[in-house]
Amino acid sequence: MLKRNTLKLIAVSALSAGAVAILAACSPDAAKLRGVDITGADYARDFRLTDHNGQVRSLQDFRGKVVVVFFGFTQCPDVCPTSMQELAEVKQQLGADADRLQGIFITVDPERDQLGMLKAYMGNFDPTFLALRPTPEQLPALAKDFKIYYKKVEGKTPTSYSMDHSAGSYLYDPAGRLRVYHRYGSGVAALTDDVRTLLLPAR
């Protein structure tokens, strides 16, 4: 009898645990992210870089906003402008929450991308987006910390080179925690959904 009661208790507990799991999965706080969920990652936690206005920035400056970080360079022919234009479209899709999105562009070409050029480049997409410029000395450690790839590809002249680089975006929640990675080509809808999801807890 004792054994039977014990088995019954285990079965009831398992059912209860299953019910809790189902309820948790259906709660708004457990909304599924469409990008790669990297919550708790021990890399890409912060930066301290000069923006295109000459001000030193870190993630702490953007508390209360979802921050989307993309690495690129101003002379990139397609991937970079496409990604930044999509991010501008995401901001438009957010409507009343548009001001709670901060776009960050970090150059992997500090040799050519001076602050004035970066500021003009951001003006092509959204005036609130910020471009950050690591120094050539800062870039290797930054790339290692963010686990991004970049490589100079020589051109016909010393200044006509290109840059191979990682093309994904990092998303941080309003508390400054790294949460999601979006691969290039994920699209506006997926990125918009994840920004909205990350904004929910801060409402």
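Colleague: Which share of the accessible surface of the chain belongs to carbon and sulfur atoms?

Modeller: This is a predicted model, in which local features need pLDDT of at least 70 and side-chain atom pairs count only at pLDDT 80 or more, while totals for chains, interfaces and linings use all residues. Residues are numbered from 1 along each chain as its sequence is written, and side-chain values use heavy atoms, with hydrogens and water left out. The accessible surface, from the Shrake-Rupley method with a 1.4 Å probe (for residues, only the protein chains shown count as cover), comes to about 11,100 Å² for the chain. The part belonging to carbon and sulfur atoms is 55%.

Colleague: What percentage of the residues in the chain is buried?

Modeller: A residue is called buried under 20% relative accessible area, exposed over 50% and partly exposed in between, with a 1.4 Å probe and protein chains only. The chain has 203 residues. Of these, the buried ones make up 43%.

Colleague: How many helices and strands are there in the chain?

Modeller: Both are DSSP runs, numbered from the N terminus: helices are H or I with at least four residues, and strands are E with at least two. By this rule the chain has five helices and 10 strands.

Colleague: In which sense do β4 and β9 run?

Modeller: Two strands pair if DSSP finds at least two bridges between them. With β5 (residues 101-107), β4 pairs in the parallel sense over seven bridges, and Val 66 stands opposite Leu 101 there. With β9 (residues 169-172), β4 is joined by four bridges, and Phe 70 stands opposite Ser 169. The sense in which β4 and β9 run is antiparallel.

Colleague: What is the handedness of the β-α-β unit made by β4, α2 and β5?

Modeller: A crossover is right-handed if, with the strands pointing away from the viewer, the path from the first strand over the helix to the second runs clockwise. The helix here is α2, residues 79-93. The unit made by β4, α2 and β5 is right-handed.

Colleague: How far apart in space are Val 67 and Pro 174, C-alpha to C-alpha?

Modeller: Val 67 lies in strand β4 and counts as buried because its relative accessibility is 2%. Contact means heavy atoms within 4.5 Å; leaving aside neighbours within four places in sequence, Val 67 has contacts that include Leu 59, Ile 104 and Tyr 170. Val 67 and Pro 174 are 107 residues apart in sequence, and their C-alpha to C-alpha distance is 7.6 Å.

Colleague: Which exposed residues does α3 carry on the face turned away from its buried side?

Modeller: In helix α3 (residues 115-122), the buried residues are Leu 118, Tyr 121 and Met 122. They cover an arc of only 95 degrees, taken from the directions from the helix axis to the C-beta atoms, so they lie on the same side of α3. Their cover includes α2, β5 and β6. The face turned away carries the exposed residues Gly 116 and Ala 120.

Colleague: Which kind of aromatic pair do Phe 105 and Tyr 121 form?

Modeller: Rings of Phe, Tyr and Trp (its six-membered ring) pair if their centres lie within 6.5 Å; planes under 30 degrees apart count as stacked, over 60 as edge-to-face and the rest as tilted. The structure holds six such pairs. For Phe 105 and Tyr 121, the centres are 5.4 Å apart and the planes make 50 degrees, so the pair is tilted.

Colleague: Is Lys 147 buried or exposed?

Modeller: Most residues other than glycine have a negative phi. Lys 147 has a positive phi of about 55 degrees, and its place is in the loop between α4 and β7. Because its relative accessibility is 56%, Lys 147 counts as exposed.
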